[in-house]
Amino acid sequence: MPRRLIAVCLLASPLAFAGWLWLTLLSPWTYERPEHLAPVSPGAHQLFVYGTLRHAPVRWLVYGRVGDPEPVRVAGYRREGLDLVPAAGASVEGLLLRVDAEELRRLDRYERLGIRYRRVRIRLADGRSVWTYRRLD
């Protein structure tokens, strides 16, 4: 009996994980973009990421490709948990992603824009203005 239970758990775990990924990233039932948010403008977008989106497999799952990210830094902030907070003299390392409007919509879904995060403009250390996600209060 215990061996059979272990075998069932070993088989069910990957299926449960795959189901969770689908529910979180692709499912039409777990996120609806809040109506008060402006629509994503067409064209190319640049996005600074500093958390899970630094990992290629996560980017592939979220918007369908790994891309060609550029290592960058944001000055005047420090990472605190899942957010960036202003901090004189500090900096945060991350990646710059170049995405189209549909990919940005998928990233907004992943970050639960308007529910968990807001997308704001921020300046990289080299002066470029890019999007990033900041936690909502």
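Predicted model: local features only at pLDDT ≥ 70, side-chain atom pairs only at ≥ 80, totals over all residues.
**Entry 1: Naming the elements**

In these notes, helices (H or I, at least four residues) and strands (E, at least two) are DSSP runs, numbered from the N terminus.

**Entry 2: The overall build**

I counted the elements next and found three helices and five strands in the protein. From the N terminus on, I read their order as α-β-α-β-β-α-β-β. For the extent, I took the principal axes, along which the C-alpha atoms fill a box of roughly 60 × 35 × 30 Å. I also looked up burial: of the 137 residues, 36% count as buried.

Which residues make the nonpolar surface patch of about 280 Å²? I found Trp60, Leu61 and Val66 there.

Is Trp60 buried or exposed? Its relative accessibility is 52%, so Trp60 counts as exposed. The cut-off I need here is over 50% for exposed. Val66 has 34% relative accessibility and therefore counts as partly exposed.

I also checked how far Val66 is from Tyr31. The two are 35 residues apart along the chain, and their C-alpha atoms are separated by 23 Å.

**Entry 3: The largest pocket**

I turned to the pockets and noted a volume of about 250 Å³ for the largest pocket. How many residues line this pocket? I have 14 in my notes, and those nearest the centre are Gly51, Thr52, Leu82, Glu111 and Tyr117. Strand S1 (45-49), helix H3 (101-111) and strand S5 (129-135) are the elements that give two or more residues to the lining. Sorted by class, the lining of the largest pocket holds eight nonpolar, two polar and four charged residues.

One of the pairs I looked up is Asp108 with Arg33, a salt bridge whose closest N and O atoms are 3.1 Å apart. Asp108 lies in helix H3 and Arg33 in the loop between H1 and S1, so this pair ties together parts that are 75 residues apart in sequence.

I then compared notes on the two partners. Asp108 has 0% relative accessibility and so counts as buried. Arg33, at 26%, counts as partly exposed.

**Entry 4: A network of salt bridges**

Which residues are linked in a network of salt bridges? My list reads Glu70, Arg98, Asp126 and Arg128.

I started with Arg98 and Glu70, whose side chains meet in a salt bridge at 2.6 Å, N to O. This pair links distant parts of the chain, with Arg98 in strand S3 (residues 83-99) and Glu70 in strand S2 (residues 70-80), 28 residues apart. Arg98 is partly exposed, with a relative accessible area of 38%. Glu70 is partly exposed too, with a relative accessible area of 24%.

Then I looked at Arg128, which forms a salt bridge with Asp126, the closest N and O atoms being 2.7 Å apart. Arg128 counts as partly exposed at 25% relative accessibility.

Where is Ala44 found? I located Ala44 in the loop between helix H1 (2-25) and S1. Its relative accessibility is 74%, so Ala44 counts as exposed. From Ala44 to Glu70 I noted 15 Å in space, C-alpha to C-alpha, and 26 residues in sequence.

**Entry 5: A positive phi at Arg112**

Last, the backbone. In general, most residues other than glycine have a negative phi. That made me stop at Arg112, where phi is near 55°, a positive value in a residue other than glycine. I found Arg112 in the loop between H3 and strand S4 (117-123).

Is Arg112 buried or exposed? At 12% relative accessibility, I have Arg112 down as buried. The cut-off behind that is under 20%.

How values were computed: Residues numbered from 1 in each chain as written. Heavy atoms only, no water. Patch = residues over 30% accessible without salt bridge, like charges linked within 9 Å, V, L, I, M, F, W, Y side chains within 5 Å. Areas by Shrake-Rupley, 256 points an atom, 1.4 Å probe, with all protein chains shown as cover. Salt bridge = Lys/Arg side-chain N within 4 Å of Asp/Glu carboxyl O. Buried < 20%, exposed > 50% of the residue type's maximum accessible area, 1.4 Å probe, protein only. 1 Å grid on protein atoms, 1.4 Å probe; cavity = no way out; pocket = protein on both sides within 12 Å on 5 of 7 lines; lining within 4 Å. Points joined across faces, edges and corners; volume = space filled by probe spheres on them. Nonpolar A, V, L, I, M, F, W, Y, C, P; charged D, E, K, R; others polar.
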